[in-house]
Amino acid sequence: MQVNRWIAPVAVGVTLGLSAAPAAHADPGDAQAALGGGSGLVLGRATKCSLTTIGYDAAGRLVGFTAGHCAEAGTPVRGEQFPDAGVVGVVRDADEQLDYAVIEFDPSVVTPLRAVNGSTITALAPAPPALSIVCQNGRTSGHACGVVLASSPVGFLEQACSSYGDSGGPVTRGDQLVGMVSAPLISDTRAIHFSCTNADNPVHTPVIAVAFDTVRAAVDAGKGVGSGFQPI
């Protein structure tokens, strides 16, 4: 079966690209948006995905990551739970092959968080070995843990509860960020739901996660926004 990307279904038909990238600044007086790994994002007009992590790059810019299939470069970003803050950032780069996007946030309206809804990110680590336990955090499914079924330096397969809108969510081992949610191994059909609907039900499709070490290496090689990233 074909793998579907886990963006929120309300946004499938929305055009994400812009003719020119807007500046990563919001209007003075807007409310603050407190964002960290697992926070919900609205990209473009209505696409809903999850923030992987937030921190600073080597140039001192406040940046974060999400899944690459959620938005193209130039897409404005809002915090799902902070509509009064307006546009809080802009996607500066998106890679389809590794499925990551780099967001530059406006530090005047974004408060970066180290911990969100049960997930705390203080460091980065390589892809976890098979049979280890990891946890993920997404705007749809929240915080859930599961076993790693298979692993490589590029990515891994894990069994935590996840569903549509969790794309980009962090996958952690302890307080270390090891990956980001990319897609289900098996897509839902009209007749059968393979995605997780209840964290207490272990029968659901595994999740494909991209190793964050691989993402960071690719961004560093590009020497653009996000290069030299470290979480707060």
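Analyst: A disulfide is here a pair of cysteine sulfur atoms within 2.5 Å. With the bonded cysteines counted along the chain, the disulfides of this protein follow the pattern 1-2, 3-4, 5-6, and a search of the whole structure finds 3 of them. The model is a predicted one, in which local features need pLDDT of at least 70 and side-chain atom pairs count only at pLDDT 80 or more, while totals for chains, interfaces and linings use all residues. Residues are numbered from 1 along each chain as its sequence is written, and side-chain values use heavy atoms, with hydrogens and water left out.

One of the disulfides joins Cys49 to Cys70, with an S to S distance of 2.1 Å, and an angle of -95° about the S-S bond makes this link left-handed. Because Cys49 belongs to strand E3 and Cys70 to the loop between E5 and E6, the bond ties together parts 21 residues apart in sequence; strands (E, at least two residues) and helices (H or I, at least four) are DSSP runs numbered from the N terminus. Cys49 is buried (under 20% relative accessible area, against over 50% for exposed and in between for partly exposed, with a 1.4 Å probe and protein chains only), its own value being 0%, and Cys70 is likewise buried at 0%.

An open sheet of 8 strands runs in the order E3-E2-E6-E7-E8-E5-E4-E19, with antiparallel pairing, where two strands pair if DSSP finds at least two bridges between them. Strand E3 (47-50) and strand E19 (230-231) are the edges, and since each has a single partner strand, one side of each lacks a neighbour in the sheet. Within the sheet, E6 (residues 76-79) and E7 (residues 87-95) are paired antiparallel over 3 bridges, and Pro76 is found opposite Val90 in E7.

Turning to the next disulfide, the sulfur atoms of Cys135 and Cys145 lie 1.9 Å apart, and the torsion about their S-S bond is about 95°, so this link is right-handed. It connects strand E13 (residues 133-138), which contains Cys135, with strand E14 (residues 142-151), which contains Cys145, across 10 residues.

Cys161 sits in the loop between strand E15 (155-158) and strand E16 (170-173), and Cys196 in the loop between strand E17 (176-184) and strand E18 (207-211), so the bond ties together parts 35 residues apart in sequence. Cys161 is buried with a relative accessible area of 8%, and Cys196 is buried with 5%.

The structure holds 3 aromatic pairs, meaning rings of Phe, Tyr and Trp (its six-membered ring) with centres within 6.5 Å, called stacked for planes under 30 degrees apart, edge-to-face over 60 and tilted for the rest. Among them, Phe65 and Phe212 are edge-to-face, at 5.1 Å centre to centre and 85° between the planes; Phe65 is in strand E5 and Phe212 in helix H1, so parts 147 residues apart in sequence are tied together. Both residues are buried. Phe212 also forms an edge-to-face pair with Phe229, at 6.0 Å and 70°, and Phe229 is in the loop between H1 and E19, 17 residues away. Phe229 is buried at 0%, and ring pairs link Phe65, Phe212 and Phe229 into a cluster.
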